[in-house]
Amino acid sequence: MPNASNTRGASRDPRARKTRAQLRDAVLALSAERDLDTVTMADIAERAEVNRATVYLHYKDRDDLLLDATDSTMSGIVDAVRACRPAAAAGLGTSEQDPVPGHLRNLFAHVDRHRPLYARMLGEDGSSRFSVRLQRRLAQAWFEQLTADAGAETGPGAHADLLVRAHYVSGGLVALIAHWAQGEFDAPGQDEEAAVDQLSQLAWALIRGQS
């Protein structure tokens, strides 16, 4: 079984990169279909159409693969937050009836498709590394947008102020994602599309109030 340094070195091999991409796709697909606790390395190998030994050449265990797979999906979540302009969130030039940005709804729709995965990674027994990385990347994306909207008219202390606001918003979003993935906000009889719409609306209202 390779150590982490060997795995990073293997990333220069196109065949290794392709295999790892297949394995990431396989575990993400399985996570959308069933409880992750029932997914074995053999199941992942079968879905990726590789032998079980090949999986262990690239990842030490299922959780190692899960961390890599969720890292690969993180950019989509960050991009969705980046596309939600802080100026709009703050109500600058908008009305209280402005619709929820489609990118924000896409964020929650993405999480909904992979609920078991996010429930595991952001749960009590999940990966603190993943949680911290997601929160920091979301904060950085929101900070960049806040800075762009503020332009050159920011006074002393503005940098720290914007940074605090960015971390506040990102921390709230990660908490929403984590608790929703655990099913804590589910309403009896509510279909998935309606649930995504409702949470997106609530999240947007909160972001508008925090920005």
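In the predicted model, His-110 touches Thr-73, Ile-77 and Tyr-118 when residues up to four places away in sequence are left aside, contact being defined as heavy atoms within 4.5 Å. His-110 belongs to helix H7 and is buried, with a relative accessible area of 13%; here buried stands for under 20% relative accessible area, exposed for over 50% and partly exposed for values in between, with a 1.4 Å probe and protein chains only. Residues are numbered from 1 along each chain as its sequence is written, and side-chain values use heavy atoms, with hydrogens and water left out. Because the model is predicted, local features need pLDDT of at least 70 and side-chain atom pairs count only at pLDDT 80 or more, whereas totals for chains, interfaces and linings use all residues.

The protein has 11 helices and zero strands, where helices (H or I, at least four residues) and strands (E, at least two) are DSSP runs numbered from the N terminus. Of its 211 residues, 41% count as buried. Among contacts in the protein with a separation of 6 or more, 73% are accounted for by residues 24 or more positions apart.

Two packed helices are described by the angle between their axes and the distance between the axes. The axes are lines fitted to C-alpha atoms, for helices over the stretch in contact, and the angles run from 0 to 180 degrees between N-to-C directions. Helix H7 (residues 102-113) packs with helix H10 (residues 158-181) at an angle of about 35 degrees, the axes being 10 Å apart. H7 passes H10 in a right-handed crossing, a crossing being right-handed if the near helix is turned clockwise from the far one by less than a right angle, and left-handed if anticlockwise. Leu-107, Phe-108, Val-111 and Asp-112 of H7 make this contact with Leu-173, Ile-177 and Trp-180 of H10. By class, the residues of the contact of H7 with H10 comprise six nonpolar, no polar and one charged, with Ala, Val, Leu, Ile, Met, Phe, Trp, Tyr, Cys and Pro counted as nonpolar, Asp, Glu, Lys and Arg as charged, and the others, Gly among them, as polar.

Helix H2 (residues 14-33) packs with helix H3 (residues 41-48) at an angle of about 115 degrees, with the axes 8 Å apart. This makes H2 roughly perpendicular to H3, given that 65 to 115 degrees counts as roughly perpendicular, under 35 as roughly parallel, over 145 as roughly antiparallel and the rest as oblique. The crossing of H2 past H3 is right-handed. On the H2 side the contact is made by Gln-22, Leu-23, Ala-26, Val-27, Ala-29, Leu-30 and Glu-33, and on the H3 side by Asp-43, Ile-44, Arg-47 and Ala-48; seven of these residues are nonpolar, one is polar and three are charged. Within H3, the buried residues are Met-41, Asp-43, Ile-44, Ala-45 and Ala-48, and their cover includes H2, helix H4 (52-58) and helix H5 (62-82). After H3 comes Glu-49, whose phi is positive, near 60 degrees.

H2 also packs with H5, at an angle of about 90 degrees and with the axes 9 Å apart, and the two helices are therefore roughly perpendicular to each other. Here Arg-20, Leu-23, Arg-24, Val-27 and Leu-28 in H2 meet Leu-65, Leu-66, Asp-68, Ala-69, Ser-72 and Thr-73 in H5, and the contact of H2 with H5 has six nonpolar, two polar and three charged residues.

Thr-70, found in helix H5, counts as buried at 0% relative accessibility, and the side chain of Thr-70 reaches the backbone oxygen of Leu-67 at 3.0 Å. Leaving out residues up to four places away in sequence, Thr-70 touches Leu-117, Met-121 and Phe-130. Thr-54, found in helix H4, counts as buried at 18% relative accessibility, and the C-alpha atoms of Thr-54 and Arg-20, which are 34 residues apart along the chain, are separated by 9.7 Å. Thr-147, in helix H9 (residues 128-150), counts as partly exposed at 35% relative accessibility. A polar atom of the side chain of Thr-147 lies 2.8 Å from the backbone oxygen of Phe-143, while the C-alpha atoms of Thr-147 and Ala-158, 11 residues apart along the chain, are separated by 9.1 Å.

Key. A polar contact is a pair of N or O atoms within 3.5 Å; within protein, one must be able to donate a hydrogen and the other to accept it, and residues adjacent in sequence count only if both atoms are side-chain atoms.
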